Amino acid sequence: MNQTVTIRRLATGVPGLDAILGGGLPELSFNLITGPPGSGKTTLAHQIMFALATPEHPALFLTVLGEPPLKMLRYQQQFSFFDNSRIGAAVRFVNLSDEMASGDFEQMLARITREIQIASPALVFVDSFRAVTRDAARSGAHSLDLQHFVQQLGVQLSAWQATTFLIGEYHSQTEDHPVFTVADGLLALRQSVHRNSMVRQIQVLKMRGQATSPGVHTFRITGAGIEIFPSAIVRDDSGATAHTSASPARDGHRMGMGVPLLDDMLGGGLPSGFSLLVAGPSGSGKTLLATAFLAEGVRSGEPGVMVAFEQTPSQSLNSAIDDMVRAGAIGLINTRSLDLSIDEIVHHLIGMIRRMKAKRVVIDSLSGFELAVAPTFREDFRESLFRMVAALSSLGVTVLVTSELEDRYTDLRFSPYGSAFLTDAIVVQRYIEIDSGLTRVMAVVKVRDSAHSSEIRQFAITGGHIVIGDPVRGYEGLLGGSPQHAPYGPRGADDRAAGPMP
């Protein structure tokens with residue numbers, strides 16, 4: 001009778017790593033951690049080691065570096081995960097630099113075997129295994145000797161029931177090396193610098209026996225160690241990966257916008273679970289509308305979260321937002337960092353949504369959002385926006401996104417990123433000239449599967465609030481103008497010849 005072997009998965013203690021591994025690290029697996037110098041390989045290994053090692057299940061860390069372990073530990077102990085009291089009891093360091101210098105694989109294997117017999121470790125780390133193979137090549141060791149050494153090392157460690165990590169500066173997983181074949185798991189770290197931004201990424205290239213999260217995932221190294229931000233993957237109801245935006249559950253409930261008459265223009269409010277794009281030029285009132293949306297949620301018992309990218313250290317959010325944040329009524333993510341990834345932002349946003357049980361989310365604005373994202377990710381910004389909106393929709397929250405537009409008066413783009421199709425509803429704000437005066441106007445362009453007003457209404461900002469007035473009469477529309485009621489700003493001869501936009 002066939003029996004399925006159950007492989008226990010170990011929690012690595014690295015935030016985000018278990019998620020991209022598919023639930024944790026397979027016990028007794030033979031793993032390789034690769035990456036260029038400075039990418040975080042040794043830090044990742046130490047963080048896993050201190051999370052898993054106990055006196056009952058100790059760890060053995062074998063160093064084959066030219067420098068003593070004490071020098072390495074001097075820097076590693078700066079991380080909060082480092083526990084000096086466990087050195088000797090749960091964690092043991094051994095320096096193999098002498099054996100490495102000899103170039104004798106049999107001698108090195110015998111020393112490793114002897115140390116394993118002494119410590120009986122549950123975890124074994126070899127750093128840097130790349131140094132072993134590099135010195136073997138320099139000494140003229142035959143490739144079959146190296147392959148035999150790798151295979152024998154794997155057999156020895158498996159026989160001792162140890163979960164093993166080989167750490168090496170391999171720059172490509174395609175290198176012709178036996179260790180890539182023998183390894184059960186392969187984690188590749190990388191880093192790139194673009195001007196003043198540093199981007200670190202990790203990819204699970206291989207993990208036998210379990211489904212891992214595809215693609216590359218960004219991570220940061222802080223005083224707490226490594227934190228990984230898994231890419232947002234939206235799945236359909238069957239659990240399969242969804243390649244289109246998942247439709248949120250529609251319960252028929254409509255949310256108030258907090259702006260009198262705007263609910264009527266939307267056909268009774270914004271449907272719950274929808275995403276709304278508020279587009280307009282600078283100073284048109286987008287952030288005020290977003291503030292009113294959050295304030296109305298507080299009054300209705302619907303907590304909210306705001307992600308603000310428009311503020312600089314010398315600026316502050318408007319007083320209404322400040323008051324709600326101080327009262328704990330809404331959560332705030334306020335950043336002007338220039339090396340973020342969208343996955344990192346979504347990770348923090350989803351965490352805050354769950355902690356606050358938020359129903360409303362405001363992202364202000366897409367323009368600031370793009371500036372906050374590291375240049376490495378801007379090429380895929382539109383695709384990342386798609387995944388972000390889909391991930392938020394899958395949580396059932398209602399999202400309001402603002403977008404800064406350049407009002408060119410001859411055409412109208414709802415978003416500079418071509419992302420208007422991602423949202424379920426669009427409200428556009430604009431300036432027009434009426435009787436030689438500058439007037440703000442607003443219109444509802446789209447509410448998916450719902451009737452809405454097609455009127456263009458004037459509005460004013462009074463006392464920090466939006467007040468919607470009467471419809472604009474005798475005005476051809478947001479995309480064109482008449483001599484009496486022209487869009488604010490001059491139209492050139494070519495514009496007049498072209499006539500009103502369709």
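This is a predicted model: local features need pLDDT of at least 70, side-chain atom pairs count only at pLDDT 80 or more; totals for chains, interfaces and linings use all residues.
**Exercise 1.** Determine whether lysine 357 is buried or exposed, and state where it lies.

*Solution.* Step 1: lysine 357 has a relative accessibility of 66%. Step 2: exposed requires over 50%; therefore lysine 357 counts as exposed. Step 3: the residue belongs to the loop between α12 (342-356) and β17. Step 4: phi of lysine 357, a residue other than glycine, is positive at about 55 degrees.

**Exercise 2.** Identify the geometry of the peptide bond from aspartate 364 to serine 365, and locate serine 365.

*Solution.* Step 1: omega of this bond is near 0 degrees, and the bond is cis. Step 2: serine 365 occupies the loop between β17 (360-364) and α13 (366-372).

**Exercise 3.** Characterise the packing of helices α10 and α11.

*Solution.* Step 1: the axes of α10 (residues 286-299) and α11 (residues 319-326) are 10 Å apart and form an angle of about 35 degrees. Step 2: the crossing of α10 past α11 is left-handed. Step 3: α10 contributes Thr291, Leu294, Ala295 and Val298 to the contact, while α11 contributes Ala320, Ile321 and Met324. Step 4: sorted by class, six of the contact residues are nonpolar, one is polar and none is charged.

Definitions and conventions
Residues are numbered from 1 along each chain as its sequence is written. Side-chain values use heavy atoms; hydrogens and water are left out. Axes are lines fitted to C-alpha atoms, for helices over the stretch in contact, and angles run from 0 to 180 degrees between N-to-C directions. Helices (H or I, at least four residues) and strands (E, at least two) are DSSP runs, numbered from the N terminus. A crossing is left-handed if the near helix is turned anticlockwise from the far one by less than a right angle, and right-handed if clockwise. Contact means heavy atoms within 4.5 Å. Ala, Val, Leu, Ile, Met, Phe, Trp, Tyr, Cys and Pro count as nonpolar, Asp, Glu, Lys and Arg as charged, and the others, Gly among them, as polar. Buried means under 20% relative accessible area, exposed over 50%, partly exposed in between (1.4 Å probe, protein chains only).
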